[in-house]
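User: I would like to go through a structure with you, starting with the charged side chains. Could you show it to me first?

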Amino acid sequence: MKCVVCKQGETCEGSATVTLVRGDTTLVMKDVPASVCSNCGEEYLSEDVTVRVIEAAIAAAQSGVEVDVRRFVA
């Protein structure tokens with residue numbers, strides 16, 4: 001797909017590091033499957049992956065974690 005940010009590059013399969021902050025909790029998730037723009041590096045997550053990352057952030061916030069660094073598990 002054509003990148004909607006730079007409008008120059010095409011996206012290809014890759015991975016991303018996603019950082020989410022919710023209240024006092026910061027979740028860093030590494031190796032998240034993503035489509036990455038070949039020109040500007042913008043990262044796009046699928047709906048399924050986005051749901052899983054958000055669910056992990058909610059669970060971390062509910063457990064009282066302040067900072068959590070995880071690797072995405074397919």
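Analyst: The turns below discuss salt bridges, strands, backbone angles and cysteines.

User: What kind of model is this?
Analyst: This is a predicted model, in which local features need pLDDT of at least 70 and side-chain atom pairs count only at pLDDT 80 or more, whereas totals for chains, interfaces and linings use all residues. Residues are numbered from 1 along each chain as its sequence is written, and side-chain values use heavy atoms, with hydrogens and water left out.

User: How many salt bridges are there?
Analyst: The count comes to three salt bridges. The term refers to a side-chain nitrogen of Lys or Arg within 4 Å of a carboxyl oxygen of Asp or Glu.

User: Which residue does Glu10 pair with?
Analyst: Glu10 forms a salt bridge with Lys2, with an N to O distance of 3.8 Å.

User: Are those two buried or exposed?
Analyst: Glu10 is partly exposed, at 40% relative accessible area, and Lys2 is partly exposed at 45%. Here, buried means under 20% relative accessible area, exposed means over 50%, and partly exposed lies in between (1.4 Å probe, protein chains only).

User: And what does Asp31 pair with?
Analyst: Asp31 forms a salt bridge with Arg71, and their closest N and O atoms are 2.4 Å apart. This pair links distant parts of the chain, since Asp31 lies in strand 2 (residues 25–37) and Arg71 in strand 4 (residues 67–71), 40 residues apart. Strands (E, at least two residues) and helices (H or I, at least four) are DSSP runs, numbered from the N terminus. Asp31 is partly exposed, with a relative accessibility of 37%, while Arg71 is exposed at 51%.

User: Which residue is the partner of Asp68?
Analyst: Asp68 forms a salt bridge with Arg70, the closest N and O atoms being 2.7 Å apart. Asp68 is buried, with a relative accessible area of 16%; Arg70 is partly exposed at 32%.

User: New topic. How do strand 1 and strand 2 pair?
Analyst: Strand 1 (residues 11–22) pairs with strand 2 in the antiparallel sense, over 11 bridges. Two strands count as paired if DSSP finds at least two bridges between them. Val21 stands opposite Thr26 in strand 2.

User: What sits between the two strands in that hairpin?
Analyst: The hairpin of strand 1 and strand 2 has two residues between the strands, and Gly23 in this hairpin takes a positive phi near 60 degrees.

User: Which residues other than glycine have a positive phi?
Analyst: Lys7 is one of them, with phi near 60 degrees. Lys7 is found in the segment before strand 1 and is exposed, with a relative accessible area of 55%. Asp31 also has a positive phi, of about 55 degrees, although it is not a glycine. Asp31 is the residue in strand 2 that forms the salt bridge with Arg71.

User: One more point. How many disulfides are there?
Analyst: The count is zero disulfides. A disulfide here is a pair of cysteine sulfur atoms within 2.5 Å.

User: Is each cysteine buried or exposed?
Analyst: Cys3 is buried, with a relative accessibility of 1%, whereas Cys40 is partly exposed, with a relative accessible area of 38%.
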